[in-house]
Amino acid sequence: MLSKSAWWILVGKESQCVKLLTTKYKVRRNWLSSSPRFNASWCWRSLEKAKAILLKGAGWSVGDGRSVLVREDPWVLECPNFRPLPLLKESLGRSLVVHGGDKPSVDELGRGLQNRFFEYWTFMEKSINKPPKSLKNDIHWVRPARNGIKINCDATVGVSKSVVGGIARDWRGSFVFVFAFKVNTNLPVQAKAKALRQATSIAISYNLQSVCFESDCKVCIDGLLVPNSPVPWRIANLLKEIEALVQTIPTASFSWVPRRENMVAHVLARWSLENRFFGFFDASAVPPFVLSVVLEDSTVVS
């Protein structure tokens, strides 16, 4: 409750109580980072303590940027504490024209550009949670339940069109069918939704009775599994079509998997786009490059 009250003060909620407190204690835009008032009431001191909680997740939503202090305020959600990384001393040379009126030399500009790249990659290496190698090795395709079929599908986006690809394997790890088709979109999320739509239609045409559809598109899978999940409007109707189609399959399920578990479908779609080879494939016509990924999966399949 204290955190919620502190949040109301921070955002200036339309409330007589909030207005009274902000006026009495002269709350300004820097309230979160300001020092606490030791002569304040017990109630206000309690609210001041709640600022530490807000600081862990509060950030500015930037509009025209006029009231945001670029280097001090928390507004970059990808950075630690939502604050930009401090500039390296050497990189200040690129601002000499603005701040000092001098023209930096080519060497100074080059060093500044190099240091900016260094700042960026240093942050990226620290912020991206890379799984350890042992964990990566544990991520692999998993067989479906006995007598079941698993269809992995994915899409690769081109300049004006995309390719959706999918591979169906049974509980022994054997091919059931492999497909790759062009679709009329160059939007990644829409292409991946179309891949699921294509896989569902083909499963029905094969009269499959127990199917698990896997995709590495979390937005699509959440849209199919999580009630009232917000989805992009471009795929809303596609997901509704998929939900209607799977009603004709006795046992059907959807599952999100990381890219590593869906690598065969990803490689197939990419290969098909690059080589302009579309349609259904039997086991003898599957590209060798795709087969190598299948064989790698089969060595660790569970």
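The model is predicted: local features need pLDDT of at least 70, side-chain atom pairs count only at pLDDT 80 or more, and totals for chains, interfaces and linings use all residues. Residues are numbered from 1 along each chain as its sequence is written, and side-chain values use heavy atoms, with hydrogens and water left out.

**Stop 1: the sheet**

Select the strands. Helices (H or I, at least four residues) and strands (E, at least two) are DSSP runs, numbered from the N terminus. Here 6 strands make an open sheet, in the order β5-β4-β1-β2-β3-β6. The pairing is mixed; two strands pair if DSSP finds at least two bridges between them. Look at the edges: β5 (251–256) and β6 (279–281) each have a single partner strand, so one side of each has no neighbour in the sheet. Neighbouring strands are turned by 20° against each other on average, direction ignored.

Now pick β2 (residues 162–170) and β3 (residues 175–183). They pair in the antiparallel sense over 8 bridges. Find R169: F175 in β3 stands opposite.

**Stop 2: the helices on the sheet**

Contact means heavy atoms within 4.5 Å. Axes are lines fitted to C-alpha atoms, for helices over the stretch in contact, and angles run from 0 to 180 degrees between N-to-C directions.

Next, select α11 (residues 263–275). This helix also packs on the sheet, touching β1, β2, β3 and β6. Its direction makes about 45° with that of β1.

Go back to α8. Its buried residues include Q190, K192, L196 and I202. Buried means under 20% relative accessible area, exposed over 50%, partly exposed in between (1.4 Å probe, protein chains only). After the helix comes N207, with a positive phi near 55°.

**Stop 3: A199**

A199 is buried, at 0% relative accessibility. Beyond its neighbours within four places in sequence, A199 contacts I151, C153, F179 and F213. The C-alpha atoms of A199 and F179 are 8.6 Å apart.

**Stop 4: V211**

Finish in β4 (residues 210–215), at V211. V211 is buried, with 3% relative accessible area. Leaving out residues up to four places away in sequence, V211 touches I149, I151, A203, I249, T251, A252 and S253.
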